[in-house]
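Colleague: Could you walk me through a few features of this one? I'd like to know how to read them.

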Amino acid sequence: MDSLQISLWVVVTLVAVALLFDFMNGFHDAANSIATIVSTRVLKPHQAVIWAAAFNFLAYFLFQLKVAATIGKGTIDPAIVDHYIIFGALVGAIIWNIITWYYGIPSSSSHALVGGLVGAAVAKAGFSGLITSGVLKIIAFIFIAPLFGFVIGGTLMVIVSWLCRNMAARKVDKHFRRFQLISAAAYSLGHGGNDAQKTVGIIWMLLIAAGISQSTDPVPGWVVFSCYAAMGLGTMFGGWRIVKTMGNRITKLNQARGFCANSGGAATLFMASAFGIPVSTTHTITGAIAGVGSTRGARRVRWGVAGGIVWAWILTVPCSALMAAIAWYLGTLVL
């Protein structure tokens, strides 16, 4: 990637916009981490968001930057990246996040960002600007991640039901109130470890395009720290409209089911982050909740609600791509 003549104020502005997106990512996806512990009354809402935000940030110390590398180098051709593409991608993703948050739709901030990158890149260079293998891998995990969450969450629920079959319901709830705190913490670690890195990758692309960093250099520490901090702060403010959908409308949860859903989601996120695959925390926890609910019978899951969420998944990439393409054009006029 050849460095471009990008003024310092443009770089600073776009870094600020990227951190705003990261804040909104935490705000938008707070429901993924806290919906189960709020709906089962293990923690009050303000306690839950602080708990989730703390573990979002602690992920900074635990995860390698494999997801950031996939976003930074594996989705669009680095040779075409400039400040207009970064601007278009971020604005397209932010607008889609605002729309889906307003209507309480648990869409994916991750795929909004990927769609934004795709739309801005296609607007500039056509489809030749995409790294097809990387984009297809991300799109494939729109379906694979919730399937993994469904299977792992459902399997854990079957195991827990068998182990606790002779235990009084009150005693089960008492134990799993504590276990659910652990599973929610693990899920929040996975959320931070996967989602915050996507914005790290975006800022890294910008710094390389501006000649401030080289592609062979490690990601600057301030970039990683800022992204994790922004996501943690966003989570602290919480997305309450989406909490209701995730925690109550898909299936009824108790402490044990909430533990299994969070644990299934966390396991999926840890595996994806280990392989550097950017996945949607929204898709993952939705699949895990549905998997847990299905162990009591298919009728226990409100498939109509789940189906509406799936439509949001399908529409996220093309809609955010279209908005990003428009934003890219506007960016060429104002930046």
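Modeller: Searching the whole structure gives 11 aromatic pairs. Bear in mind that this is a predicted model, where local features need pLDDT of at least 70, side-chain atom pairs count only at pLDDT 80 or more, and totals for chains, interfaces and linings use all residues. Residues are numbered from 1 along each chain as its sequence is written, and side-chain values use heavy atoms, with hydrogens and water left out.

Colleague: Why is the pair of Trp51 and Phe55 tilted?

Modeller: A pair of aromatic rings is described by the distance of the centres and the angle of the planes. For Trp51 and Phe55 the centres are 5.0 Å apart and the planes sit at 55°, so the pair is tilted. Both residues lie in helix 2 (residues 45-58), 4 residues apart, about one turn of the helix; helices here are DSSP runs (H or I, at least four residues), numbered from the N terminus.

Colleague: Is Phe55 buried or exposed?

Modeller: Buried means under 20% relative accessible area, exposed over 50%, partly exposed in between (1.4 Å probe, protein chains only). Phe55 has 19%, so it is buried, while Trp51 has 31% and is partly exposed.

Colleague: Which pair links distant parts of the chain?

Modeller: That's Phe63 with Phe270, an edge-to-face pair, 5.4 Å centre to centre with 65° between the planes. Phe63 is in the loop between helix 2 and helix 3 (66-73), and Phe270 is in helix 10, 207 residues apart. Phe63 is buried at 17%; Phe270, at 35%, is partly exposed. There's also a cluster, where ring pairs link Phe57, Tyr60, Phe61, Phe225 and Tyr228.

Colleague: At what angle do helix 7 and helix 10 pack?

Modeller: Axes are lines fitted to C-alpha atoms, for helices over the stretch in contact, and angles run from 0 to 180 degrees between N-to-C directions. Helix 7 (residues 169-209) and helix 10 (residues 255-274) pack at about 25°, with axes 8 Å apart. That makes helix 7 roughly parallel to helix 10 (angles under 35 degrees count as roughly parallel, over 145 as roughly antiparallel, 65 to 115 as roughly perpendicular and the rest as oblique).

Definitions and conventions
Helix = DSSP H or I, 4+ residues; strand = E, 2+ residues; numbered from the N terminus. Phe/Tyr/Trp six-rings, centres within 6.5 Å; stacked < 30°, edge-to-face > 60°.
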